[in-house]
Amino acid sequence: MIKTYQKLLITCICLASFPALSQSQLISNIHGYTVQDNRLIQFKALQFNGDTIEKIYTEQDNLPYKTEANINHIDGKGRTLLPGLIDAHGHVLSYGLSLMRAQLRDSESEDHAVRMVDKFRQQQSSLDWVQGRGWNQVLWPSKQFPSAASLDEVFPNTPVWLVRIDGHAGWANSAAMKVAGVNASSKSPSGGEIIRDSNGEPTGVFIDNAMSLITNNIPKLSIDEQQAVLETALTSLAQLGLTSVHDAGIQSDTIAAYKALDLRSQLPIRVYAMVDAEDPKFDEIMAAGPYRINTDKLRVSSVKISADGALGSRGAALIEDYSDLKGHKGLLLYSKKTLGETIEKAMQAGFQVNTHAIGDHANQIVLDHYQSLIAASKSRHLRHRIEHAQVLQLSDISRFSELNIIASMQATHATSDKNMAVDRVGNARIEGAYAWRKLINAGAVIAAGSDFPIESPNPFYGLHASVTRQDHDNQPLDGWYRKESMTLTEALASFTSNAAFAAHQEKEIGQLIPGMKADFILVESDIFSMPAEEIWKTKVSETWVNGQRVY
C-alpha cells in the first residue's frame, strides 16, 4: 500500500511540474538581441515552452497565427529583449546587508560620513552595533584615512564599524576597539595592517586581514537570518535585470542558507557560489566535492581565494613601490607557499579556483601557481579564474589565453578608480591596468561583474563603462584610456555568454537559442540604437528565469 501511494505521489508531483509544457509562449513585437559565437544575432520574436527556448524568429521568418493551438501570444510592446544578464562577481549577503546599513558611498568628507551614520542610527535606534559601508577617503578633500576620534564624538559608547567601499579596509570607533580588545600593544596580523598614529596608537582604520580583529567580535547572523537577507538581495538583483550571479566567497553557514532556500524553491535567480578558502570547514567542503541539485538554481563548484588587497587602500600587491607611497608595495594575504597549497587542494578536489588578484605582483604569483598546478592536477578544463585581474604586467597578459584562465573583471572599477589609479601605479604600469582590449586581443575570455556592493549591481552601469570608459557625467569626454574599451557586442557577451562560460553553464544559459533555458529580460530602450553615453540609464521592465517571470 505504501509503495502504491509513493508511486501515485511521484506521478502527481511529475504531472504538477509540467502544466507549462502543454502550451508554448511566444513573445513578439520586440527588438531581440543575443550573442552567439561572438556575433550579434537580432530577432523579432522568442518562443519557449516551460523553461526551454524552442525558437527565435528572425526578420525573414513568419510568426505563427494567433489562432494556432497551444501557443500563448505575449505582446512585447516594442521593448528590447536581451538574454538574462549574469554578474560574474558579486557578494550577495553583503549586498543584502548593505540594504539594511548606513550607506556612505556619497559621503563628501569624514565629518559628512559621521553625520550620515548618525542619521542612520536615529532611524535604527535598536541596533547594538552600528554598521555601514561605502566610504572612500580618496574622494574627500583631505584624501586621508578617517579616525576613531570623529566617530567617538557622536558615538562614545556604541560600537561602530564602517567598511570602505572596496571591502578591504574598515573604520572603527573606540567603543568597537574596546570590545575587540585592540590597543597600542595589539599586533597587525599577517596580510593586514592596523593604521597607527605617531604615538603607536590605533587610529581606528584596519586594512585587509586586520579587519577580522573587529569583525570577529560582531554577533553573527543565524542561518535563518541569512536566508532572509539572501532572498531580499536576490529579489533586488532580479529587478535590475540579473538572472544569475556568481557569489564570490561564501562561508559554510551561507552555503547552508542557500541550500535551504534552494530546496524550498525560493531562489528567484541562479547562484553560482564560490567557497571561501578561509572557511573553517574548507577541508570538509573540499572532501565532499562540488554541489548541485536538480533545480539548477544553485551550484557550489568553485573556490574563492584572495591573494592581495585593493588599490584604493594600497593593499594591492605591486612588484615595485606605489607611485604615491615610496617604500610600500601593498599586501600579500598568503605566503607564496600557503597560497600554492590552497590552490592545489581545491584543484585536486575538482573545484574551479577563482583567485582575487589586483596588483601586478599578486597576478603574477597567481599565474605562476596556475601554470604549474593546472598541469599537475590536469585541471585545465575547469577554466580557473583570476578575479579582478586589475593591474597586469604586459608580459603576463598573454598567459590568460595560454593557460585557459578566465579574466573575471568589473568595468565600473575602471570608471570609479580613474581618479586615483594613475597616482597609485604611475603612467607606465597603467598601460597594463583595466586592460580589457589587450586581454581580448590576446584571446582571453572576459567575464563581467560589478563586485557589488562595492559598486552598484546595476549591469547597465557595467555595459556603459565597458563601451565608453566614462562615468555618468560622461567624463572624461574622450573616455579614460578609451583604447581599452569594448564594443557593445563584446560587452553584452561579457555579461551573458562569457559569464555563463566562466561558470561552465554555456550549454544552459547566456544565449537565447533553441534548447537553452528561457532566462531573459525586457528593457524599455534599445541599447544598440541609443547613444552609448545613455546606456546606464536603461530601465528593466521584466525579468524571466526558467520561463517564469520573477519581476
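Which residue in strand 9 is the bridge partner of tryptophan 135? Arginine 164 is that partner.

The views come from a predicted model, in which local features need pLDDT of at least 70 and side-chain atom pairs count only at pLDDT 80 or more, while totals for chains, interfaces and linings use all residues. Residues are numbered from 1 along each chain as its sequence is written, and side-chain values use heavy atoms, with hydrogens and water left out.

**View 1. Strands 8 and 9 pair in the parallel sense.** Five bridges join strand 8 (residues 130-135) to strand 9 (residues 160-164). Strands (E, at least two residues) and helices (H or I, at least four) are DSSP runs, numbered from the N terminus. Two strands pair if DSSP finds at least two bridges between them.

**View 2. Helix 10 covers residues 336-348.** Leu339, Gly340, Thr342, Ile343, Ala346 and Met347 are buried in this helix (under 20% relative accessible area, 1.4 Å probe, protein chains only). Seen down the axis of helix 10, the buried residues fall within an arc of 160 degrees, so they line one face of the helix; the arc is that of the directions from the helix axis to the C-beta atoms. On the other side, Lys337 and Gln348 are exposed (over 50%). Just after helix 10, glycine 350 takes a positive phi of about 85 degrees.

Note on methods:
The expected span of a helix is 1.5 Å times one less than its number of residues.
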